[in-house]
Amino acid sequence: MCSQLSPADRAEAAYSEEDRRLLLDIAHRSILAALRQADLDLTPPNEKLAQPRGAFTTLHLDGQLRGCVGYILAAKPLYSTVAETAQAAAFQDFRFYPVTLQEAERLKIEISVLSPLQPIRPEEVEIGRHGLVVSWGNRRGLLLPQVPLEHGWNRETFLEQTCIKAGLAADAWKSGANLESFTAEIFGDSL
C-alpha cells in the first residue's frame, strides 16, 4: 500500500509503515465518510500521530492530480490534519469538481508531513529535498518538494514557479520576497 523506501530513506523516516498505513486509512475513510454523510471516528491512533504537524494531502485519479490541500503550520494533531486535508482536497480544491463516490473508491492518496519552516537563501535550495514558501506582503505561494522533480525543474525554475504561485513576478525571489523552506516525509498509495 505504501510507497517503497530505500534503506537510507527508511533510516530517516519519522513514521513507521504502520503509522503510514493508519494515516492513509484515515484519509480514505474521511473522504468516504463525507460522501456518505457518516460520522468519522477520529480517536487518536497513537501518541505519535497525535502530535501537531503540518501536512498536505494530494489526491490522484487515474494518474492525474485530483486535488491537493494542506496546512503549512502544525496547528492540529497530525491524524486530524490528514482527515481535514483529505476532505478539503476532495471537495474544496477550487481547481476541481468535488470527488464523487465512484471516484473516491479509485483515488490514490499521497501524504506529505511537513517539517517546520526555516528561512533559506536561494543558493541553498536543493531540488527534491526542499519545499518552498515564497511570500511578500499578503501574498504567499507554496510548492512541495516533489513538484520540481515531477516537472524536471532546476533551482531557478522552482523559485520562479513558487513566486508565480504566490501571484508575484517570477523574479520576486531576487528582489525582496521572503523565502522559507521545509522538508517533507512523503508516502502514499502506489500510484
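Accessible areas here come from the Shrake-Rupley method with a 1.4 Å probe. With that in place, the surface of this protein comes to about 10100 Å², and carbon and sulfur atoms account for 50% of it. Please keep in mind that this is a predicted model.

Let me start with the overall build. There are six helices and eight strands in the protein. If you walk along the sequence, the order is α-α-β-β-α-α-β-β-β-β-α-α-β-β. Along the principal axes, the C-alpha atoms fill a box of roughly 50 × 40 × 30 Å. Of the 191 residues, 44% are buried. Take the contacts between residues at least 6 apart in sequence: 70% of them join residues at least 24 apart.

Next, the empty space. Rolling a probe the size of a water molecule over the atoms shows where such space is left. The largest pocket in this model has a volume of about 670 Å³. Which residues lie nearest its centre? They are Leu65, Cys68, Arg95, Leu143 and Lys165, out of 21 residues in the lining. By class, that lining has ten nonpolar, six polar and five charged residues. Four elements each supply at least two lining residues: the strands β1 (55–61), β2 (64–71) and β6 (139–143), and the helix α5 (146–151).

Most residues other than glycine have a negative phi. Gln37 is not a glycine, yet its phi is positive, near 50°. Gln37 sits in the loop between α2 (17–36) and β1. Its relative accessible area is 75%, and the cut-off for exposed is over 50%, so Gln37 counts as exposed.

Asp62 also has a positive phi, about 55°, without being a glycine. Where is Asp62 found? It is in the loop between β1 and β2. Is Asp62 buried or exposed? Its relative accessibility is 59%, so Asp62 is exposed.

Lys108 belongs to strand β3, which covers residues 108–114. With a relative accessible area of 37%, Lys108 is partly exposed.

Ala34 gives another pair. It lies in helix α2, and its relative accessible area of 32% makes it partly exposed. What does Ala34 contact, leaving aside neighbours within four places in sequence? The answer is Gln87 and Phe91. Between Ala34 and Ala90 there are 56 residues of separation in sequence, and 9.5 Å in space from C-alpha to C-alpha.

Gly167 is partly exposed, at 43% relative accessible area. Gly167 and Lys76 are 91 residues apart along the chain, and their C-alpha atoms are separated by 28 Å.

To recap, we have a predicted model with six helices and eight strands. Its largest pocket has 21 lining residues.

How values were computed
Residues are numbered from 1 along each chain as its sequence is written. This is a predicted model: local features need pLDDT of at least 70, side-chain atom pairs count only at pLDDT 80 or more; totals for chains, interfaces and linings use all residues. Side-chain values use heavy atoms; hydrogens and water are left out. On a 1 Å grid over the protein atoms alone, a cavity is a set of points where a 1.4 Å probe fits but cannot get out, and a pocket is an open set with protein on both sides within 12 Å along at least five of seven lines; lining residues have an atom within 4 Å of a point. Grid points are joined across faces, edges and corners, and a volume is the space filled by probe spheres set on the points. Ala, Val, Leu, Ile, Met, Phe, Trp, Tyr, Cys and Pro count as nonpolar, Asp, Glu, Lys and Arg as charged, and the others, Gly among them, as polar. Buried means under 20% relative accessible area, exposed over 50%, partly exposed in between (1.4 Å probe, protein chains only). Contact means heavy atoms within 4.5 Å.
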